[in-house]
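Let's take a walk through a protein model together.

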Amino acid sequence: MPLSVSVGKLPGVALTTLFALASTSWGSAAPPRPTDPAIPPDYFDSFLPLPARFDTARNPASDAKIALGRRLFFDPRLSENRRLSCAGCHDLQNFGADGRMVSLGHVGQPGRRNSPTVYNAAGFIAQFWDGRSPDVEDQSKQPILNPVEMAMPDAARVVGSLSAIPGYVAAFEEAFPESRPAVTYENMALAIGAFERGLVTPGPFDAFLRGAEALSPEQKQGFRRFVELGCAGCHNGPAVGGLTFEAIGHIRPYPDESDLGRFEVTGASADRMRFRVPGLRNVARTAPYYHDGGIATLDEAVRSMATHQLGIELAQADLDAVLAFLDALTGVQPFGYVARPELPPDRETTPVSGSGTR
């Protein structure tokens, strides 16, 4: 699939990143190229259908590793109070989000930033709003040790807790047969990452990108306006975003500048108020919006983005069109893949609930 025509017009797109994603997602075979008489061909050039999984050579997947990662994702015993799990902030039955401005962690402490969905996140250039983790494996380590979130004091406590559960010792040994010991903090992260790389939600837009007549006329018009207005300058690739860091308030200042975003990671003045661009997959189902969770509705978010990032006030017709297209980005949740697993008990006779929440 040629990626060169529109990419040159879109300042936020890293051409090498898109080529890498195409290679990772499709191997040596290019995805089918969509054609539609209502849409100029080069409008498609900055987009790719979602792959079946966002796999990586650094963490090859196996059934045993994925099954272990699924259990760990749902297990509240990875938290200090044994009540909080990854699934608490990332509800996999609700498009991977919890609907809060910020999530509540250990002893009800509010987080600092909105918890984004984990669906399709493995396709992002980095994790967290400020990009401080390079991938989902590294990201999975951070909340467990964060005193505001799951509040485990150190990795040794986590490993000790897992090692005391016979079912986990066996599961780690099956998933990591060449690792001695098998139960390590790194292996925990690799297992969770292997599971999260399968959190993919294909939908109508993917079928459309493969050449099917999957969008309504209103959604097609919305896609055209999405590109023509400049939204695709930041929201592109398989996840329709997540590939670059951009300054919020690019044209008109964002009203709250208390969070300096990526600057807090790099210390570079150019990174003040820069955040990783969110992916727009399932955006119609993952309110509230922005890094601070301060925008309650999608129409408000679209208007605000047009104002702050593009310097325009959207006409109602354009707003309606873009919203119609964004609805086509709602995908199918893999309910079988994300079904709550049975967790290994502390002792062979003690059942454990996998319903830990924050």
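Let's begin with asparagine 282, which sits in the loop between strand 2 and helix 11; helices (H or I, at least four residues) and strands (E, at least two) are DSSP runs, numbered from the N terminus. What you see is a predicted model, in which local features need pLDDT of at least 70 and side-chain atom pairs count only at pLDDT 80 or more, while totals for chains, interfaces and linings use all residues. Residues are numbered from 1 along each chain as its sequence is written, and side-chain values use heavy atoms, with hydrogens and water left out.

Is asparagine 282 buried or exposed? Asparagine 282 counts as buried because its relative accessibility is 0% (buried means under 20% relative accessible area, exposed over 50%, partly exposed in between, with a 1.4 Å probe and protein chains only). Its phi is near 60°, a positive value in a residue other than glycine. Most residues other than glycine have a negative phi, and most peptide bonds are trans. Tyrosine 290, found in the loop between strand 2 and helix 11, also has a positive phi, of about 80°. In that loop you will find proline 288 too, joined to alanine 287 by a cis peptide bond with omega about 0°.

Now look at arginine 281, in the loop between strand 2 (274-276) and helix 11 (298-310). Arginine 281 counts as buried because its relative accessibility is 4%. Its side chain makes a polar contact with the side chain of aspartate 206 at 2.7 Å (a pair of N or O atoms within 3.5 Å; within protein, one must be able to donate a hydrogen and the other to accept it, and residues adjacent in sequence count only if both atoms are side-chain atoms). The arginine 281 side chain also reaches the backbone oxygen of proline 238, at 2.9 Å.

Let's move on to the nonpolar cores (sets of buried Ala, Val, Leu, Ile, Met, Phe, Trp, Tyr and Cys residues joined through side-chain atoms within 4.5 Å). The largest has 37 residues, and Leu72 and Met188 are among those with the most contacts inside it. Which helix gives the most to this core? Helix 7 does, with seven residues. Leucine 72 touches several residues, including Phe172, Met188 and Ile192, not counting residues up to four places away in sequence; touching means heavy atoms within 4.5 Å. A second, separate core of 36 residues includes Phe44 and Leu298.
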